[in-house]
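Here are my notes for someone opening this one for the first time. Have a look at the sequence and the fold, then read on.

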Amino acid sequence: MRRIQKVIDEGMSDERDWNIFETSFNEAHENFFKKLKAGHPDLVPNDLKLCAYLRMNMNSKEIASLLNISLRGVEISSLPAAQKAQSGA
């Protein structure tokens, strides 16, 4: 979990950082992304990130900041992503 938080705190600036986050998150959360992708292959990278942040119980403001989108954008995206995260992982 510390590696996950470190990557978030330092900001995921590129694909390599996301891969580190994804690997660490899978280790901590029993292959969360693998299960999610298997159940919902149509998810795009931002959906996957949103699902991970929701799984970490982050609030909308924190998620908006990390994804560089508006608070309203998070709220609009959260419900479908949360439903997929719950059913797939």
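**Notes on the helices and the core**

1. Start at the end of helix 5: the residue that follows is Asn-68, with a positive phi near 55 degrees. Helices here are DSSP runs (H or I, at least four residues), numbered from the N terminus. Helix 4 is likewise followed by an asparagine, Asn-57, whose phi is positive and near 60 degrees.

2. A word on the source: this is a predicted model, where local features need pLDDT of at least 70 and side-chain atom pairs count only at pLDDT 80 or more, while totals for chains, interfaces and linings use all residues. Residues are numbered from 1 along each chain as its sequence is written, and side-chain values use heavy atoms, with hydrogens and water left out.

3. At the other end of helix 5, Asn-59 caps the N-terminus, with a side-chain oxygen 3.0 Å from the backbone nitrogen of Lys-61.

4. Which residues of helix 5 are buried? They are Ile-63, Ala-64 and Leu-67 (buried is under 20% relative accessible area, exposed over 50%, with a 1.4 Å probe and protein chains only). These three sit on the same side of helix 5, because they cover an arc of only 100 degrees around the axis (taken from the directions from the axis to the C-beta atoms). The face turned away from that buried side carries the exposed Lys-61 and Ser-65.

5. Now the core. The largest nonpolar core has 17 residues, and Phe-21, Phe-33 and Ile-63 have the most contacts inside it (such a core joins buried Ala, Val, Leu, Ile, Met, Phe, Trp, Tyr and Cys through side-chain atoms within 4.5 Å). Two or more residues come from each of helix 2 (15-28), helix 3 (32-39), helix 4 (45-55) and helix 5 (60-67). Helix 4 gives the most, with five residues.

6. How do helix 4 and helix 5 meet? Asn-46, Lys-49, Leu-50, Tyr-53 and Leu-54 of helix 4 meet Ile-63, Leu-66 and Leu-67 of helix 5 (contact is heavy atoms within 4.5 Å). Their axes come within 11 Å and cross at roughly 145 degrees (lines fitted to C-alpha atoms over the stretch in contact, with angles from 0 to 180 degrees between N-to-C directions).

7. Don't skip Glu-22 in helix 2. Glu-22 counts as buried because its relative accessibility is 12%. Its side chain joins that of Lys-37 in a polar contact of 2.7 Å (N or O atoms within 3.5 Å, one able to donate a hydrogen and the other to accept it; residues adjacent in sequence count only if both atoms are side-chain atoms).
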